[in-house]
Amino acid sequence: PIQQFLFKIMQGGFKLGRIWQSSRCPEQVTCKLCDDDMEKTMEHILIGCQGSHRDMLWKQASKAWPEGQETWPEISMGLIMGCGSLKPGSSREAPRDDEEREERAKEAAKLRKLKFLVSETAYLIWTIRCSIIVGNEAKPVEKAAKAKWKLKLRHRMLTDLAVAEEH
């Protein structure tokens, strides 16, 4: 589902914002969760919306980043859409020694974690928003949203570990 979500973002596959202006649902043009009367765009939903748990979830992701929060990247639509393409350094040469091989493995592991922190967080922001707007569910309390994020992250890390052990 996350790969499809990211693909649809890149292709403009979500019906958001102005597309609703000339329809029977002009109220769908603006964000219902903020007081800013902002146009509902994917960028607004994932990065700018003040009425959702977006900010808290991105803070959780930065706290889970093992490299320290000072190296946590600025979240942008480019990072979200391109997170699946992150790759370690482009050296095509074989590692010179075990130390370099280990360093490259650490870099690859770090980027894998960044990929799933960014993609899982963006997808969870979207799914929580959909359950509120489309599903007419109550806005989850912050504690419940954090628990949901931690559960998704734990599942993704266990899956990543299982795949790594197979190779």
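**View 1. Contacts across the whole protein chain.** Of the contacts in the protein chain with a separation of 6 or more, 64% are between residues 24 or more positions apart, where a contact means heavy atoms within 4.5 Å. The model is a predicted one, in which local features need pLDDT of at least 70 and side-chain atom pairs count only at pLDDT 80 or more, while totals for chains, interfaces and linings use all residues. Residues are numbered from 1 along each chain as its sequence is written, and side-chain values use heavy atoms, with hydrogens and water left out. The protein chain has 6 helices and 0 strands, helices (H or I, at least four residues) and strands (E, at least two) being DSSP runs numbered from the N terminus. Buried residues, meaning those under 20% relative accessible area, with exposed over 50% and partly exposed in between (1.4 Å probe, protein chains only), make up 34% of the 167 residues in the protein chain.

**View 2. The loop that holds Glu 39.** Glu 39 lies in the loop between α1 (2-11) and α2 (42-48), and with a relative accessible area of 25% this residue is partly exposed. Although Glu 39 and Arg 18 are 21 residues apart in sequence, their C-alpha atoms are 7.5 Å apart in space. Once neighbours within four places in sequence are left aside, Glu 39 is in contact with Gly 17, Arg 18, Val 29, Thr 30 and His 44.

**View 3. A network of salt bridges at Asp 55.** Arg 54, Asp 55 and Lys 59 are linked in a network of salt bridges, each salt bridge being a side-chain nitrogen of Lys or Arg within 4 Å of a carboxyl oxygen of Asp or Glu. Asp 55 pairs with Arg 54, their closest N and O atoms being 3.9 Å apart, and with Lys 59 at 3.2 Å, N to O. Lys 59 and Asp 55 are separated by about one helical turn, because they are 4 residues apart in helix α3 (residues 54-64). Arg 54 is buried at 7% relative accessibility, whereas Asp 55 is partly exposed at 35% and Lys 59 is partly exposed at 47%.

View 4. The side chains of Glu 102 and Lys 106 form a salt bridge at 3.6 Å, N to O. These two residues stand 4 apart in helix α5 (residues 98-133), so about one helical turn separates them. Glu 102 is partly exposed, at 46% relative accessibility.
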